[in-house]
Every structure is written in structure tokens, then in C-alpha cells.
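Here is a brisk report on how the parts of one protein assembly meet. Have the sequence and the 3D view open while you read.

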Amino acid sequence: MRRFLMTHLLVGLLTALLVSPAFAQQTRITWWGHSNCSKDLVAEWNKKNPNTPVQYDFFAMTPYFQKLTAALSTRSAADMFTLIDFLLPGFTAKNVLAPIRPEWLGYKDLEDMKKAYIPGALDGYIHKGKLYALPPIASGFSLFINTKHFREAGLDPDKDYPRTWEDVGRIGKKLVKMRGSRMVREGFDFAMHSSTWTMWYFNTTIRQYGGEILDASGKKCLANSEAGVKAMNVRARIAHHYKASDPTVSLGTNALPADDLPKGRVSMFITHAGSVAQFGPKVMKYVKVVPFPQVDPKKPVTPIYGFALAVNPHISEAKQRAVHKVLKHVVNDSKTWYERTSYPHPDKNFLNLPGMEDARKTRYLDVFVKDISNGRFLQRSDKVLELNQAIHRAMERVVLKKEDSKKSLDRACKEIDAALAKK
Amino acid sequence: MRRKTMLRLGGALITLFALFGVWVMLLPYFWMVSSSIKTGIEVFDLPIKWIPDDIQWVNYPNALAKGAFGVYFYNSFVVAFAVMGGNLVFCTLAGYGLAKFRFPHRELCFRLILSTLMLPLEIVLVPTFLVVRDLGLVNTYGGLIAPLAVDAFGVFLMRQSIRDIPDSLIEAARMDGCSEFGIFWRIILPNCKPALGALALLAFRDNWDQFLWPFIVATTDNLKTFPLGLAQMEGIDSAAYHEIMALAVMGMIPAAFIFLFFQRAFVRGITLTGLKE
Amino acid sequence: MGEVLLEDLTKDFGEVIAVKEVNLTIHDGEFVVLLGPSGCGKTTTLRMIAGLEEITSGRILLDGRVLNDVHPRDRDIAMVFQNYALYPHMSVYKNMAFGLKMRKVARDEIDRRVKSAAGILGIETLLGRYPGKLSGGQRQRVALGRAIVRDPRVFLFDEPLSNLDAKLRVQTRVEILKLHQHLAATSVYVTHDQVEAMTMGDRIVVMHNGTIQQVGSPMEIYQSPANHFVAGFIGSPSMNFLPATVRAEGGRTILEGGGFRVSLPAERAGGLEGREGGEVVFGIRPEDMRMGSEGEIEGAVEIIEPVGSDIFLDLSVGGESLTVRVEPSVRVSQGERIRLRPDPARVHAFDPGTGATLI
Amino acid sequence: MGREIGVDRTLPSKIRRLVAGGGKRSLHSHLRWAGFFFVLPALIHLIIFKFYPMLQAFRLSFYRYDLMSPPVFTGLENYNLLWQNPLFHQSFWVSVKYMFGVSIPEWFFALALALLLNRRMPGRSVIRLAYFFPIAMSQIVVAMVWKFMYHPYGLVNTILETFGIGRINWLSMEESALPALIAIGIWRGIPLFGVIYLAGLQAIPKEYHEAAIIDGAGVFQRFFYVTIPLLLPTITFVMVLSLLSAVKVFLNPLVMTEGGPNGTTKVLPYFIYETGFAFFRMGEAAAASMVLFVFLFGLTLIQLRLLRRGGVE
């Protein structure tokens, strides 16, 4: 019996050993991100500031934000973390973000700070007059076209590229390549591997038609309005009227849609500035970037989004101050940021910085930044993920099952209203 | 005579069918390995080329360089082995207690333990996370391991297996002067080796594999497990199928290796666990 | 030394009382057999002595020391199990050494004792083998060896021969007895086989329904069974029982029933005093009757069973069945009516209600 | 006889027991405690990491809780919300479809596999190994490999095209997404259950088959009158285990479809996870967990009854 008890004791001791915290350093600043694009910047910081090193950990894939929620709720989150813009309302409503202090970053106040940025670039992160996250990225979407395919189809990529959605359908149809009854090359394709991407297009198109997803109070769904139905029809027409895309390829859960453009399986595709670097110079030699398609090019609306840096409110003020120093380091030099991450920076002077001339030409920064300056953030709502999903499902029904746009959106609105009604 | 040829023909057909099935079962593996030695562009090339002209072994080091994979592998090993150890120890102890001792509410205990089979981690993720946090285990190996250290299926497996060991062995040992724990250690353990092997293999596989729980609990890179590393590849370079497949191949090796060596013991272990009653 | 005392030993498994107020003294060096049909409580009693079964009430003493709460390992008792309980993962040598090793006996002492026990049992050549590779008889010896090396005060045997074939059983029986004489240790042996019990036991304890029916030497039990149960259980073929009425005629006591009328000598009839006119059970063993024309029992032959050395006849006596042993030279045919004369000294009578032996 | 020294029989049995036990805990109650001690570590573990969280989840199901602000008691509101939420109904049925869609074929295919591998045939050990190999493949690898296999240009379509069947974007079509996931579940589940069946088959004593042959039973008769009845405990065990493991599927929809298209692959665990962690409605998620738990509990009870009828304690 004694040996039996001894063994229990031993097991207990072992458990206690395992329990002892692995990391207990106090001066370390922890930072969670969704990608490892900030890796080099962190290394630089750590070289310069050995006393307050930053420990950067990145977590890819969708569950990152879920993890963040769990961690914030249990007060075990990092000192600073990357946040995608549309989650902000959900977090601010729950008071889990510390406001960014412009004065700690060297600005007089928030108004002063706004002047340094592309107009509207900070809007997505402001709640009740306070800034809650600092965006080092302003990313918009533009249209990527395969110039080789254009020339093959007898089109001039510099003149004949589409300006409107109808153009996309019409030109897209010409670019399609068939083998028998099967489409082996699509003229145009929407990326739809997540509901958020769907929403970026739909929210933008509904705005191009002068509509909105929610009413001003944010409590009522307007997606089934006339503008909404027209916006939905844009998608349906490209697939079903013009047959410029193959719904069985373009939709929803396609493995990795961004791969189709460089592989030549699609001739026109909408994606963000970071893709230029991802595709690489070999692909970009025959890919051209043109502005985001519009309903009316005279009244342009484009989608923008950004990953921004937020501060954990549960840390001491002194530590928040230290975190702000890191923030300043990260956003300090937009050129370095761009070189490190290949995402445009929302700095007002970004394009005019010395040394950017080359990038403007070869990497279409002019196009991207122009689209970004017309950009609007996604519908603000603390139920944004449910909105996204409801619209995504509606889109799937319309494109895959040819359901009537109005009917499908009515159902989406019902789902959205139900979600909004919840506290 | 005709009957015999018919039978032989039938046997041949069944063997052929079995071989066909083998291909179906293994095709994903071939594809995985084949993709891992192609260039990224070749992966979806048609018609499919199983062995590329230019074998890209370089995918392996390249893929490994895209994250701290040495650390992830190490962590996966630590977690898998620790959880396996925990299961072997605690499930076997509990299985022994439930199989060979009479104590009040024993059946209730057993039922309760079995009922946890109906509790997928996803259901109790948050409360479990809260418990782990309150124990101060977030972002520790302890936090990764502790909630997984006992599995009801393991208890069931060991109980069934130990029930088949004759009581008289235990009694003989008791009379021979063995302590109760000594009986467990010297008599029970050596006589349920096959079941222990099966349990170890299943535990290793399941926990080499843990995704959701490490994802929530590990907050720094140095505690991430291999599946997290593999999953984050999509975030780094979403088009690097070839490298993702290279990592997948490497991630499969430990479990496959153990399986190759222990599959016989595994089948035997399951055979001997008293499911036959 | 090894005197075992059972005092009011009782064991109940919830509803079922397995052993009820058993009192027994087993003397040092004695070979006692616990005999009874399955479920009679003999094995439970043995297991209580071993310490494997909890005692509900009563006490067990070994040389004056109360064993109730002594751990089995500290009782200085060894046991041979029905299925031998050899550790499958240990060699024969290790199996035998295990108990000593657990008691921290020095290694060379263990070696000496194992080898010596193996010598006694003639299993020296098996020491390196594993139990799975042994025959039944060999396993049996190893199990004995494992008990011997411990040099215990008391040996317990739980039906150790039941897994052997008939020939080996007889052989091993003799060996165990020899071993017992050699070691002179107290032995308690459980069996349901009366031949084993009769041939091996210094004393036999007959148990039934958790209680002791009779304790005595084999011959005592055979010749003077304490009750109806013991009388019926001991002996093969078993004793014949016929319902009878007691009659007193001219100073003689007569047992009368359908087809028989047995008169008892006065010195045997004491137990029936005052029962004149009452019902009793008349008992007579098959071997205690002779065929003869003036026999007091009459019946018709129904089955003839020659077994070589004897012939057993099943008769129908007044509607009841009766077995008798006759010489192999006797010639009878089926349906023939014959007369039997019981040996008056071997006639028994039992109380039909309590089963108690009257004569 | 033999009452040399005795405890007075007239004493009530309780007192006798006390005398016998000497007032201390007796040896065998000690032993019982030893048994309990063996179970204790596992029990404590399960109480901390399973039952307590479960109770918490039960409590939470009556609260509105967004993880970040304090929980507010709302009674049965969460259950009411679920009842009125068509997406919950959809998820529930997706889970049911997935569960039976995976496990029922598993029962048969795994049995067929076990029968196949129990036969003598050339290269049996290699074939066995090949079949059991998927047991070793980890879930995340399975999800990733199959995601690429189902790619519009992936292996599955390549094979179909060589047979002249058109390309299907498996994971994007409402009709095919769930069957595609079910196929993976079956592929991965068959080997393990095959092993269990094989174990069961090998445990059937040969004599039964021999007796049946003597009785003139053919192959099929032997299968239905000997193999199946004797395999019944294994069969019911596989049934319970396959359903329980199928209902837990989570990683595949997460990695491969994110629950789409149009919610057709959003199994209940995914719904729970999403409601709690993406929509921040822990209370509602907890209520959904309870529904799933009760469903599984009921199902298992039914199966345990079958199991007991099948002869397993």
C-alpha cells in the first residue's frame, strides 16, 4: 500500500512539474498575428531593443480570431495583436480593446493623426471618437487580367479591359475556352473561398447601386432592396447570362482559388495588392492590374480592408506605452513596411516617398492606391460574421442553384434580422 | 470438379478485388508523395504524372524552412508521447480497478467514465479552457497534455482486456507477497501487453494529430504542434501545395512508422481485449 | 507449527450465505479434506483461510494468532489454485522464486530453495521454460513447487487435480500424499471428488449448504454418516434410501416398506425407540446386501451393469429403485425377481424431516 | 464438534462482526479502497476535465454570455432561439446525415474488409497492411490531402475524366459536398473498424464452423447463422463507436468547406464552435451542446440496450 501511495505522490509531483509555467519573463512584449509578414520588422526591433524584446507568434487560418476571442475572454491574450477591421465593432462593444493613444505615437490628437493618412483609411477603426487599432495595411481589391489571354482573344489589354460589371461579363465571355461542353478556362472568376470575400464584393456592388446591407441604425437588413437584387444579379449574370465563369469552379469552397490566375485557368480575377508579390515577377510579366469594376465608373466604390494592430486593455499603462513604441516602430517607415510585407501602407504620402517610383510602375501601386482612396470598409456590425455568412449562402443559392435573387436575399434578410435581434 | 474450379475462380476474383481495394485505399498516399516531389505548378497538371521528370527533393527542406518545424515536430512528439503515457498509466490503472475490484458504485463509476465518450472536445471547449486557465496551464506543455491524458475509450479497452486475466493470478500474487500496486506492475501490466500496444498506438495517432486544443492553448510558436504548423502553411503561401504535401508526408512518417512495426501487435491487442465475449 | 482454528466462520454474499458458522480445528501436520458438492461453501472457506475472501463474522486463528485482518502475504500460507495460476510471463524458475523474491529472501537462498523444490518434484529440466509450453501435469508440479519453496505453515489446495485426466489424477494424488508426508505441513484440500477425499484425507470435512455436516476420518464418515446427506454423498454408487415404517414385533424392531421388511437386532435399534408406527428413511449401501432365498428385500431386476470386478443391479423394490452390488459370477436376467438380505450391522435409518441419523 | 474456543453465539451478529473486525478497517475493505484508488486518478481527471466543464456548459446554456462581458441569466431563451433558428435545424440534420452516412457503410464495408482479410490469399499480410494504413494518417493530413484531391483539377476529377465523367467541383456543390466528406469519413473509418471486426472474427472458435459444415450449411448459411450471431457483440460495439466518432467530425468541414456550400456541411460541432467562438454566443453554443449531448445520450442508450441484447455486459 505504501508503494502504491508513493507512486501516486510521484505522479502528482510530475504533474506539478509540468504545470510550472514555461515562460515567466516580464519585460517581453507578446504579439499575435495572422501571418508572418511582420517577422523581419520584429527581428529589427529586437536587435535595437534587447530589453523589451517582442515575441511574435502568428496563427494562420480562420480560427485565429476565434482563438483571440477565447484568449481575450480569459485574459490570456498577447499584449498586442493583429485584428481584421470588420471584427472591431464586435470587440469594442465588449470593451476588450485599449484605445490607441495618438499622443504616444507623436501626434497631437486623432484629428492630427488622420491628416497623415489616406482619407478614410482610419475610419474603419474608430469607434465613438476613439481609435482602437492602428492599420499598417490598407488593402483594396483591383482586377488582375491576363494580357496573354487578351491578345489571344484579339483584345488590347491596355484599352479593352473592363470598366463595368457588364464589361466583365461581355469580355469575360470572349476569354472563355471550352473543350467540348466543359469550360477549361474561365473568362472571369470571383474568389469565394470564404464568406468574407463574398461580402467584400457584394457589399461594394450594393453600394455601387446606391444601397446598403443594413439601415442606419444597424438593426434592419436592407440587402433584399432593389439595389441588393441588382447587385446579386451581377453575380448571376456573369455566371448564367454571359457564362463567363463556371459555377462549379468558381464558388465557395474551391480549394485555393487564388491559384487559378497564375495557372492560366482564369483570365480575369479580383485580388489584393499582396498577390503581386505572391504571384512573383514571372507571372506578373503577363498580368496587368486595372481598377475594380464598377456599376458606374463615374461614381466609383471599391472595397477596402485592413489588418490593424490592437492593444490588450488588460495590461498596465506602462506596458501599453511600451507597446505603442513597438507600434510606432512598425508603422514608422511605410516604405520599409511595404518592402517587408508587399502591402500598401495607408500613409497619405506613401506613393510619393522617394524610392517608390519603380514600385508604382511595376507593381501597379497607382492602381491599388487609387482604388483604396475610393474604398469603403465592410458594413460595420457586431454581427458581421453572421451577415457575411447569410449573404454567402444567398449567393451560393443564386449561383449554384439558380435561385431567384430576390427570393434568396429575402431569406438572407430573415436570417440577418434574426441575428441582429439577438443581444 | 466444376465446383472446385468455380471456387478457385471465385477466390481469384476476390483476391483481385482485394488488390483493387488496396489501390483505392492507398491512392491518396501515392498522390501525396508524388505531389510532394513536384514543382508547385506541376501539382495539378493533366494528365497526371506520378513520377515527375525532375524530382524536387528540395521541397522538403524548403517546406521545413517555412516555420519552426523542428520545434513543432518536437512538440508533437512530446504531446503524443506524454498523452500516450498518461493513457497507458491512468487508463490501465482505472481499467484494472474496474475489472478486478469490488467497491461501492463501481458500475456507476464505469458508466460515468464511458459517458464521457459522448463529450466531444468542441462541446466543452470553453469551459475546459477556463479550467486550464485557472490551473495556470495556458501555454504550457501541461496545458497541452493534461486535458487529454485520460480517455474513456482507453479505460474501456483496458478493462475489457484485464477482465480476461484470471483472478487467480492476482490472488496467487497477493499470497506470494506482492503489494497491490506490485500486482498491477508485475502481474497485470505484463499480461495485457497486446492491449497496451493497441492503446498506445491509438493514443499516439490521436494525439500526434491534435489540432483544435493545441490551437487554443498554445499561444507561442515554441509550443505549437505539427498540425498547427501544417495548417499555417496555408497562411504563409496558400499555393504551395507541393510543400504542404511534403510536410504532410513528413508528418505522417512517425505514426506510419510506429504503425508498420506494431500493426500485428495492434490487431492482436484488439483481438485480446474481450470484445469477443 | 500450523494449527488452524475456524471459529463461527460465516460468509455472506449479500443475500446468499455461503458459509455459516463453521467451527473446525485443523491440527498441525494434518491433511484435512473439505468435501462437498459445488456451492457448498468449501472453496469459500478455503479462500477465507487464505485471506482472499473477506470474513463476514467469526475468526480464523493460526497457532493462536487471529488471521482475520492479516494480509494474505503475511499469513505464512501457500495455495495451489485450481487452474494453477502460474504467471504466464515468467519462467518456471521465476514463478517459483516470485514469492521469495517478494519477501526479500537473499538470492542464493532463493536459488537453493527453488532448485531443491524442483528436485523433489522432478522438474529441474523445466526451470527455464514458460508455463504456456508445459503440459497439464507439468504445470501442476510447478504450482506445487511454487507452494513448497515458500515453506509455509499451511498448504491450501483448491481442487488441484480437476484439470488433469483420470490417469494423471491418480498418479498426482499419490505424489501429493508423498509430498505431504515428506513436508509434514498442515494441508487443507478442497475437492468435490469423494475418492480423492477418501484416499487422501486424514480427516474429511463434509460440507453442505455452507455448514459442516460431519468431520471425521474417511472410514468414520463412510461407516457412520452423521446424517442423510453425508450418507448419500459418500460412497459410489450411493446409499439406497427407501421410505419405511417402524414396527415393534415381539421385542424386535422391524423396518417395513413396499417390498421389504428388515428386522434389526436389539443392539442396533436404540435410535428408533419411541418411533414405533412412525416413518423413517431406511438406508443401505449397495455393497451391504447379499443375494439369498430367505432375503428380506424383494425386487425385480431392471438394469444389469457389469463393471468387471462387480455387477451392479438396479432393482425395483415396491416402486422405488434400489442398487445392489453382487459378485461377477452371479447370473441373473432382466425382469427376474430376486431376494436380498441386508447386513443388519450396516443398516441405517434417518429422520425423514431433519435427515439426522437414527441408527 | 469443534467449538473449543468460541465467540458467544447468542451475541447479535452485529456485535460479532465488530469483534471480528476489531473496530479497525478490515483487510478487505482496505482492498476495496485499493481498487477505488486505482480508478481514482482517472476519475479525478475526468471530473476536472470532462464533468466539471460539462456542468459549466449546462449552466451556461441558461445564460447569455459573449465570453467578454459577464454572463446574464436568460432562462430558456437560448433553447428557444435554437428552436427558431433554421440554421440550427439544418446543422442538426447535417450531423445526423453525416453520422449515419458514414457509420452505416462503415459497418458493412468494414465487415466485408474483415471477411476479406480473414481469407487465405497470396500476399495477405501485405494487403492487410495496406488496408490498415489509413489508421496511421493524421486528421489534418487527411483533410489537406483530400481537399486537394477534391480540387476541380485534383486527382478525383482526373480519374473521373479518364472514364469520361465530367469534372465536378465536389466541395462547392450542395449535392456533393456532404457526400464527399462522408466518403472521407468512410475511407478513414473502415480500417479501424475492420481491425476490430477482424479481431472478432478470429475470436470465433473454428468448431462452430466445422459443426455447421457437418450440419450441411453452405457459405451463406454459415455466415448468417454462425458468423453473424457470434459476432454480434463486436457488431454492436462497432455500431456505437462508429456513430460516436462520426458525430465528432469537425476538422474536415473546418479545413475543407468551412461548413459550406449553403450550410450543407455545417455539422453540429461546427455549428457549436462557430456560434460560440465566431459569433460570441457561448450560451447558445452551450445550449446546442446540450441538445447534441442529449441526442447522443439517447442514441447510446438505445444502442447499449442492443449491446446488452448482443451479449456484452
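## Contacts between domains and chains

Domain 1 of chain A and domain 2 of chain A bury about 460 Å² between them, with 75% of that area on carbon and sulfur atoms. The model is predicted. Three residues lead on the domain 1 side: A:Phe86, A:Leu87 and A:Pro89 supply 69% of the area that domain 1 of chain A buries against domain 2 of chain A, more than any other three residues. By class, the side of domain 1 that touches domain 2 has 5 nonpolar residues, 1 polar residue and no charged residues. Between these two domains of chain A the count of salt bridges is 0.

Where do the two domains run? The assignment gives domain 1 of chain A as 28-138 + 306-332, and domain 2 of chain A as 142-302 + 381-421. Their contact takes 6 residues from domain 1 and 7 residues from domain 2. The C-alpha centres of the two domains lie 31 Å apart.

**Chain A as a whole.** Chain A has 17 helices and 13 strands. Of its 423 residues, 61% are buried. Among contacts in chain A with a separation of 6 or more, 72% join residues 24 or more positions apart.

**Two chain interfaces.** The size of an interface is often given as the accessible area lost when the parts come together. The table sets out that area for two pairs of chains.

| Interface | Buried area | Share on carbon and sulfur atoms |
|---|---|---|
| Chain A and chain D | about 4,000 Å² | 61% |
| Chain D and chain B | about 8,400 Å² | 80% |

**Chain A against chain D.** Here 43 residues of chain A are in contact with 45 residues of chain D. The interface holds 4 salt bridges. It also has 6 residue pairs in polar contact, both residues being at pLDDT 80 or more. Which elements of chain A take part? Helix 16 of chain A gives the largest share, 8 residues. The chain A side divides into 17 nonpolar, 11 polar and 15 charged residues.

Look next at the pairs that cross between chains A and D. A:Glu386 forms a salt bridge with D:Arg281, and the closest N and O atoms are 2.3 Å apart. A:Glu386 sits in helix 16 of chain A, while D:Arg281 lies in the loop between helix 12 (268-278) and helix 13 (282-309) of chain D. Both A:Glu386 and D:Arg281 are buried. The pair belongs to a network of salt bridges that links A:Glu386, A:Lys422, D:Arg281 and D:Glu284. Another salt bridge joins the side chains of D:Glu175 and A:Lys401, at 3.7 Å from N to O.

**Chain D against chain B.** In this interface 85 residues of chain D are in contact with 92 residues of chain B. D:Phe38, D:Phe49 and D:Phe148 supply 9% of the area that chain D buries against chain B, more than any other three residues. How many salt bridges cross between chain D and chain B? The rule finds 0. There are 4 residue pairs in polar contact, both residues being at pLDDT 80 or more. Helix 2 (residues 27-60) of chain D brings the largest share of the chain D side, 21 residues. By class, that side has 65 nonpolar, 12 polar and 8 charged residues.

**Salt bridges inside chain A.** Side chains of opposite charge can pair when their charged atoms come close. Over all chains the count comes to 47 salt bridges. A:Asp79 pairs with A:Lys319, with the closest N and O atoms 3.0 Å apart. A:Asp79 lies in the loop between helix 3 and strand 3 (80-84), and A:Lys319 in helix 12 (residues 317-332), so the pair ties together parts of chain A that are 240 residues apart in sequence. A:Asp79 is buried, because its relative accessible area is 7% and the cut-off for buried is under 20%.

A:Asp410 pairs with A:Lys406, the closest N and O atoms being 2.9 Å apart. Both lie in helix 17 of chain A, 4 residues apart, about one turn of the helix. A:Asp410 is partly exposed, with a relative accessible area of 30%. A:Lys406 is partly exposed too, at 35%.

Key. Residues numbered from 1 in each chain as written. Chains lettered and ligands numbered in written order. Predicted model: local features only at pLDDT ≥ 70, side-chain atom pairs only at ≥ 80, totals over all residues. Heavy atoms only, no water. Domains from an automatic or database assignment. Contact = heavy atoms within 4.5 Å. Buried area = accessible area lost by both parts, 1.4 Å probe. Nonpolar A, V, L, I, M, F, W, Y, C, P; charged D, E, K, R; others polar. Polar contact = N/O pair within 3.5 Å; in protein donor to acceptor, adjacent residues only side chain to side chain. Helix = DSSP H or I, 4+ residues; strand = E, 2+ residues; numbered from the N terminus. Buried < 20%, exposed > 50% of the residue type's maximum accessible area, 1.4 Å probe, protein only.
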